[in-house]
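Subject: Handover of a structure

Hello,

I am passing on the structure below, and my notes follow it. Please read them with the model open.

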Amino acid sequence: MSRTNYQHLVTNPAASTSHRIKILKNVVLIALGIILLRLFFIQIVEHNAWVAKADEAHTLLETITAKRGEIYMMDEDEPVAVALNQTTYQIIIDPAVTEKEGIKHALETYAKDYIAVNIDDIYNTEGLRYSIVAKNVPREAADKIAAENLGAVWFKKNNQRVYPEGDLASGLLGFVNADGLGQYGVEGSLNDALSGKDGLLKATADVNKVALSIGKDNVKIPAEDGKNVVLSVDRGLQKGVEEIAVDAINNTAATNASVLIMDPNTGEVLTMANLPNYNPSDYGNVKDASAYINYTTEVPYEPASICKSFAFSAALNEGAMTADTTYFNEGYTTVDGWKIQNAEQRASIYGTINMKTALYWSLNTGSIQALRLLGGSASEITQQGREKLYDYYYNKFRLGQISGIELIEAEGFIPDPNEGWGRDSVYANMTFGQNLGITMIQTATAFSAVVNGGYYRTPFIVKGTMENGELVEKPHTEAIEDKILSDETSAAMRDMLIYNRNYKVRGGIDKPGYAIGGKSGTAQVVRNGAYDDTFAELIGSYIGFVGPEGELPKYVIMVKMWGEGQSIESGDAMNLFDKISNYAINYLKIPPKA
Amino acid sequence: MHQTYTTRRNAGNSFARNHNTVRHTKRSLGSISQIVIVSMLTLIFGLIYVAESTKATSFDYEISKVEDEITEMNAKKDDLAVEKARLNSVATAKNSTVAAAMEDATVTGYVAD
């Protein structure tokens with residue numbers, strides 16, 4: 001019987017221990033290898049990333065926010081702030097922790113006007129955490145709420161733009177949005193100057209995020225605060241004009257009105273109103289975004305018969321006619337096969353009349369005759385006439401060009417005198433302000449040149465800056481000052497424009513002792529590419545000047561009134577001009593001729 | 001092989017007579033003393049460094065506090081400027097009791113010089 005040999009199954013204890021040690025040794029070596037490999041990666045391969053991470057943990061990196069510049073208007077000779085900055089707070093609570101009655105009482109007691117939500121709704125919403133309950137809370141009110149020591153209430157600091165005059169001149173000022181960017185108006189056009197330049201603080205910090213001076217790479221670049229801009233606009237005049245314009249809107253079919261007052265002898269803008277206004281502090285609640293638009297500089301339009309002043313000036317200045325030059329008025333004229341009629345068809349002005357009468361009755365036949373004479377013909381519109389009119393409109397009066405005022409501007413357009421179809425009829429229409437697009441500021445600046453002795457001057461609305469509480473006036477070194485009309489032309493135009501308002505003096509509307517002249521314009525509206533001959537919608541405009549009798553005008557005033565689907569005659573605009581003119585004479589203390 | 005012998009006595013007499021015997025032995029700090037001194041110096045310099053750093057940090061806290069105060073004062077100044085502007089606004093002036101007691105000007109005239 002054979003015996004089975006189990007010898008090979010017997011374990012040798014010494015051999016087993018040695019085997020385990022070997023395994024352990026290998027495990028340790030592998031672990032060591034992994035650690036070394038990881039260390040290699042951390043210290044060599046990923047060195048920069050880890051250094052950056054370490055720096056991040058103890059480096060304070062902060063933007064030093066530049067203070068936004070303030071905006072001032074003039075109150076006679078004294079600048080007054082109309083846009084400032086204030087630190088306000090958002091109040092945030094955690095409804096799960098904050099005691100309801102406590103916060104409700106505190107908010108209603110100290111910040112009632114700033115509560116942003118219904119507190120009960122917040123507490124009734126299941127699972128809601130971290131809700132903003134009040135916005136734009138002034139510091140003093142926030143301090144009082146903080147003193148209540150309510151649990152889980154946070155205060156987030158904001159820089160808020162404040163407009164202490166409320167909605168005054170909102171179309172001119174614009175607003176600052178939630179990102180701190182100026183939008184529309186002065187806030188938008190001068191945003192770079194007002195914003196300044198943010199600074200930077202990079203420093204080693206401790207756990208409390210306090211910057212420590214021991215860091216070797218500390219950097220501090222101070223912020224450059226924005227400039228405090230002083231506008232040439234007179235606050236009291238602006239306010240008075242706006243009130244008069246609102247009254248005019250309420251008493252006519254117009255829904256909108258724009259008013260511009262400027263000094264024709266300097267180009268300084270004294271009033272720039274766009275009604276209705278809105279509250280720039282609450283710009284988000286404006287229902288119609290067109291309220292943001294500054295219609296005086298941003299919207300080109302056809303000012304209609306106001307342009308007769310420019311066509312007549314061109315013909316006078318070229319010696320092609322005088323105020324006494326006559327032509328035969330049939331009540332209409334035909335150009336390029338198109339019959340162009342006068343709006344005024346009374347029998348007494350049919351036949352031979354002079355140019356002064358034509359301007360008085362705002363006859364289209366008169367302004368077309370001026371264009372014919374400008375081209376050297378009494379019966380035809382010539383290429384020379386078109387080119388000369390273009391030269392005056394575009395190059396001399398700078399209509400259809402950016403005026404250079406420190407605001408957002410639209411360019412507009414003046415048609416080419418030779419390129420395109422029906423140039424004669426287009427240019428005939430241009431003499432009475434159709435077939436072109438120009439802004440109110442372009443129109444008022446050109447009109448200023450007509451009446452101020454013939455000087456075109458770049459308009460401006462920024463008077464200077466406030467530095468250390470003092471007004472530092474800005475030199476307008478790049479402003480244009482061109483003599484574009486002769487003294488005689490300007491004087492003749494003033495006479496004709498004053499003659500236009502003789503009946504106003506007779507009617508007691510214009511005060512004696514003053515030289516007040518003006519020109520009206522009623523613009524048809526283009527619908528589906530053609531002028532609407534039903535006159536269902538009209539834009540009424542009026543431009544005029546005011547000054548003591550026998551002297552150069554002190555102020556040019558332009559008004560425009562309109563409404564969607566409303567027929568606003570120039571008479572409405574003229575009535576508004578009359579009221580503003582008389583208000584300006586009193587407010588600006590313009591003495592009459594002694 | 002040539003050799004010179006000197007007796008111990010002769011040599012001893014010339015050296016020792018009427019003279020004190022001084023044994024010059026080179027002495028140095030022990031290694032433990034050196035460690036202790038270096039440690040002490042390190043500790044002292046360390047303490048000086050920590051003290052200076054703490055002093056600098058305390059100044060940093062002072063600076064931070066002053067900057068916070070400046071920010072707070074500027075915020076208060078802005079608040080006052082806003083309040084002043086509101087009080088001086090046309091709307092406020094128009095709605096004031098002084099304005100309410102005024103009468104409308106109906107005629108404006110100029111007196112000749």
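In S4(A), which residue is the bridge partner of A:Ile92? The partner is A:Ile132.

Before the rest, some conventions. This is a predicted model, in which local features need pLDDT of at least 70 and side-chain atom pairs count only at pLDDT 80 or more, while totals for chains, interfaces and linings use all residues. Residues are numbered from 1 along each chain as its sequence is written, and chains are lettered from A and ligands numbered from 1 in the order in which they are written.

Strand S3 and its partners

Helices (H or I, at least four residues) and strands (E, at least two) are DSSP runs, numbered from the N terminus. Two strands are called paired if DSSP finds at least two bridges between them. S3(A) is antiparallel to strand S4 (residues 131-138) of chain A, and five bridges join them. With strand S5 (residues 153-162) of chain A, S3(A) also runs antiparallel, joined by 10 bridges. There, A:Asn85 is set opposite A:Arg161 of S5(A).

S2(A) pairs with S3(A) in the antiparallel sense over five bridges. A:Met73 has A:Val80 in S3(A) as its bridge partner. The hairpin of S2(A) and S3(A) has two residues between the strands, and A:Glu76 takes a positive phi near 60° in it.

Between the domains

Chain A is split into domain 1 (64-227) and domain 2 (235-280 + 295-587); the bounds come from an automatic or database domain assignment. Their C-alpha centres are 45 Å apart. Contact here means that the C-beta atoms of two residues, placed from the backbone, lie within 7 Å. By that criterion, 23 residues of domain 1 of chain A touch 19 residues of domain 2 of chain A. On the domain 1 side, the elements giving two or more residues are strand S2 (71-75), strand S3 (78-93), helix H6 (170-173) and helix H7 (185-189) of chain A. That side has 14 nonpolar, six polar and three charged residues (nonpolar: Ala, Val, Leu, Ile, Met, Phe, Trp, Tyr, Cys and Pro; charged: Asp, Glu, Lys and Arg; polar: the others, Gly among them).

Between the chains

Regards
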